[in-house]
Amino acid sequence: MHNLPNLISFLRLLLVPLTVWLIISDEFGWAFAVFLVAGVSDGLDGLLARRFGWRSRLGAYLDALADKALLVSIFLTLGFLRIIPAWLVLIVVSRDVLIITAVLLSRLLDHPVQVSPLRVSKINTAVQILFAVALLGFAAVSWPILGLITYGAVPVALLTILSGAAYLQSWLRHMAGQPPEEHVP
């Protein structure tokens, strides 16, 4: 049973191609439902891991990979379909590429960095999720989404840039051998 959170995370990862296919197929209602199931599964695997002590290194990686793969895939797909602006997709994807590159580079340089979510990153992820949920939900019920995109894209972009900058600052301090700052969000 201690592998149940890992299995849930893995199943969430399998929802990524399904969600992309549903969006491309103009099945926004189903895409919205699958995204909600993914969200519930994310909470469930975390709850089980904490409550019963079923945490594992694999689980931590699977959970993060499933979360990022789902969000990035949704942003890429919505951008490809020209539902959201390309500049927003570029910002969202670039931040994650920056983080992954920094982690890999630090390992290659034999100075591995322990990535832990920063407060600004948690807020950023929540805002990205809310934006994606709102877009899929509005599209599912055929509500106009132009206003949502107009007023939602800028806060998503700004928080994503701020989060990326905070991670970059933290990584640069780590690579320079300096202790992390306590006030970094």
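Helices, here DSSP runs of H or I with at least four residues, and strands, DSSP runs of E with at least two residues, are numbered from the N terminus. This is a predicted model, in which local features need a pLDDT of at least 70 and side-chain atom pairs count only at pLDDT 80 or more, while totals for chains, interfaces and linings use all residues. Residues are numbered from 1 along each chain as its sequence is written, and side-chain values use heavy atoms, with hydrogens and water left out.

Figure 1. From the N terminus on, the order of elements is α-α-α-α-α-α, and the C-alpha trace spans about 50 × 40 × 25 Å along its principal axes. The radius of gyration, taken over C-alpha atoms, is compared with a globule rule of 2.2 Å times the number of residues to the power 0.38. For 185 residues a compact globule would have a value near 16 Å, and the 17 Å of the protein chain agrees with this. Contact means heavy atoms within 4.5 Å; among contacts between residues at least 6 apart in sequence, 76% join residues at least 24 apart.

Figure 2. Accessible areas come from the Shrake-Rupley method with a 1.4 Å probe, and for residues only the protein chains shown count as cover. The accessible surface comes to about 10,900 Å², of which 72% belongs to carbon and sulfur atoms. A residue is called buried under 20% relative accessible area, exposed over 50%, and partly exposed in between, with a 1.4 Å probe and protein chains only; buried residues make up 38% of the 185 residues. Lys and Arg count as positive and Asp and Glu as negative, whereas His and the chain ends are not counted, and the place of a charge is taken as NZ of Lys, CZ of Arg, CG of Asp or CD of Glu. The mean positions of the 12 positive and 10 negative charges are 5 Å apart.

**Figure 3. The largest nonpolar core, with 28 residues.** A nonpolar core is a set of buried Ala, Val, Leu, Ile, Met, Phe, Trp, Tyr and Cys residues joined through side-chain atoms within 4.5 Å. The residues with the most contacts inside this core are I74, F75, I84, L88 and F131. At least two residues of this core are supplied by each of α1 (4-24), α2 (28-52), α3 (57-80), α4 (86-108), α5 (119-140) and α6 (146-175), and the largest share, six residues, comes from α3. Not counting residues up to four places away in sequence, F131 touches F75, I84, L88, L148, I149, G152, A153 and V156. Apart from this core lies another, of six residues, among them I99, V120, L159 and Y167. In soluble globular proteins, nonpolar side chains tend to be buried together.

**Figure 4. T19 in helix α1.** T19 has a relative accessible area of 1% and is therefore buried. Leaving aside neighbours within four places in sequence, T19 is in contact with A31, V34, L70 and I74.

Figure 5. Most residues other than glycine have a negative phi.

**Figure 6. L118 and Q114 in the loop between α4 and α5.** L118 is buried, with a relative accessible area of 13%, whereas Q114, at 70% relative accessibility, counts as exposed. The C-alpha atoms of L118 and S163, 45 residues apart along the chain, are separated by 7.8 Å, while Q114 and T160, 46 residues apart in sequence, are 20 Å apart in space, C-alpha to C-alpha.

**Figure 7. M175 in helix α6.** M175 counts as partly exposed, at 24% relative accessibility. Leaving aside neighbours within four places in sequence, M175 is in contact with S106, L109 and H111. The C-alpha atoms of M175 and I23 are separated by 40 Å, and these two residues are 152 residues apart along the chain.
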